Amino acid sequence: MRDIVDTIGIIGPAFFGKPPKLSASMVEISEQFIQEQEKLLCGANKKKITAEQISQNSNYLSRVGLHKCRFNWYSLLDNVPNDKPTMYILNEFFDALPVNQFEKTKDRGWIEIMIDVDADVDKLFYTTYKTGKSMVLDHDKDLESLPVGTQLEKSPISEDIVRTLVKRIAEVEGSFDN
């Protein structure tokens, strides 16, 4: 985020003819990450944010920082105002969400690859199961032509978040304002 704000703050005057008015909404619930973000973007920590403040306030921190950018921290995406065009930056966000992994096999069709635990030896290992989710893939006509050995990942929560973001972008007719 700092690199983006820094770049816009430096090249913005040449591009727009004046310093751009910047604001950034951060969705974060980790007390440690909030402190690190605030220090990096605003130069110092104003006050320690607690879990109680995060859970009780939809906009628990607001500061002016780098290039006079207004930074607002929220506990949920639903709490972020959606009243102007917005650019969403989700660096590594989707990487942290759970996925279901599947592989197409010759004899069993689609199977789900999972991690299991052997409690006797305190060890994790990969295993495969025929699950309800993998059976749905067996009947998906779009996947029939894929070769044996193909692996797919599906993340229902990621799909829900993408739908929410698309809806938010459509509500304000795009992501950039002229």
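**Entry 1: helix H2**

Exposed here means over 50% relative accessible area, buried means under 20%, and partly exposed is in between, with a 1.4 Å probe and protein chains only. I noted that this is a predicted model, in which local features need pLDDT of at least 70 and side-chain atom pairs count only at pLDDT 80 or more, while totals for chains, interfaces and linings use all residues. Residues are numbered from 1 along each chain as its sequence is written, and side-chain values use heavy atoms, with hydrogens and water left out.

Helices are DSSP runs of H or I with at least four residues, strands are runs of E with at least two, and both are numbered from the N terminus. I then looked up which residues of H2 are buried. They are Ile34, Gln37, Glu38, Leu41 and Cys42. Seen down the axis of H2, these buried residues fall within an arc of 100°, so they line one face of the helix. The arc is taken from the directions that run from the helix axis to the C-beta atoms.

I also checked the length of H2, residues 31-42. Its 12 residues should span 16 Å at 1.5 Å a residue, and the end C-alpha atoms are 16 Å apart, which agrees. The expected span is 1.5 Å times one less than the number of residues.

Cys42 is in none, and the nearest cysteine sulfur, that of Cys69, is 8.1 Å away. From the side of Cys69, the closest cysteine sulfur is in Cys42, and 8.1 Å is too far for a bond. Cys42 is buried at a relative accessible area of 15%. Cys69 is buried as well, at 1%.

**Entry 2: Leu61**

I looked up Leu61, which lies in strand S2, residues 59-64. Its relative accessible area is 4%, so Leu61 is buried. Between Leu61 and Ile49 there are 8.1 Å in space, C-alpha to C-alpha, for residues 12 apart in sequence.

**Entry 3: aromatic pairs**

How many aromatic pairs does a search of the whole structure find? It finds three. Rings of Phe, Tyr and Trp (its six-membered ring) pair if their centres lie within 6.5 Å; planes under 30 degrees apart count as stacked, over 60 as edge-to-face, and the rest as tilted. I wrote down two of the pairs. Phe71 and Trp73 have ring centres 6.2 Å apart and planes at 40°, so this pair is tilted. Both Phe71 and Trp73 are buried. Phe93 and Phe94 form an edge-to-face pair, with 5.2 Å from centre to centre and 80° between the planes. Phe93 is partly exposed at 34% relative accessible area, and Phe94 is partly exposed at 27%.

**Entry 4: the four-stranded sheet**

I followed an open sheet of four strands in the order S6-S5-S4-S7, with antiparallel pairing. Two strands pair if DSSP finds at least two bridges between them. The edge strands are S6 and S7 (151-154), each pairing on one side only. Direction ignored, neighbouring strands of this sheet are turned by 35° against each other on average. Axes are lines fitted to C-alpha atoms, for helices over the stretch in contact, and angles run from 0 to 180 degrees between N-to-C directions.

S4 (residues 100-105) pairs with S5 (residues 109-118) in the antiparallel sense over five bridges. In S5, Gly109 is the bridge partner of Thr105, and Ile111 stands opposite Glu103. S4 and S5 make a hairpin with three residues between them.

On to S6 (residues 123-129): seven bridges join S5 to this strand, and the two run antiparallel. Lys123 in S6 is the bridge partner of Asp118. This hairpin has four residues between its strands, and Asp122 in the turn has a positive phi of about 50°.

**Entry 5: helix H5**

Last, I took helix H5, residues 156-171. Its 16 residues should span 22 Å at 1.5 Å a residue, and the end C-alpha atoms are 23 Å apart, which agrees. Its buried residues are Ser158, Ile161, Leu165 and Arg168. Seen down the axis of H5, they fall within an arc of 85°, so they line one face of the helix. On the other side, Arg163, Val166, Lys167, Ala170 and Glu171 are exposed. Just after H5, Glu173 takes a positive phi of about 55°.

Key. Disulfide = S-S within 2.5 Å.
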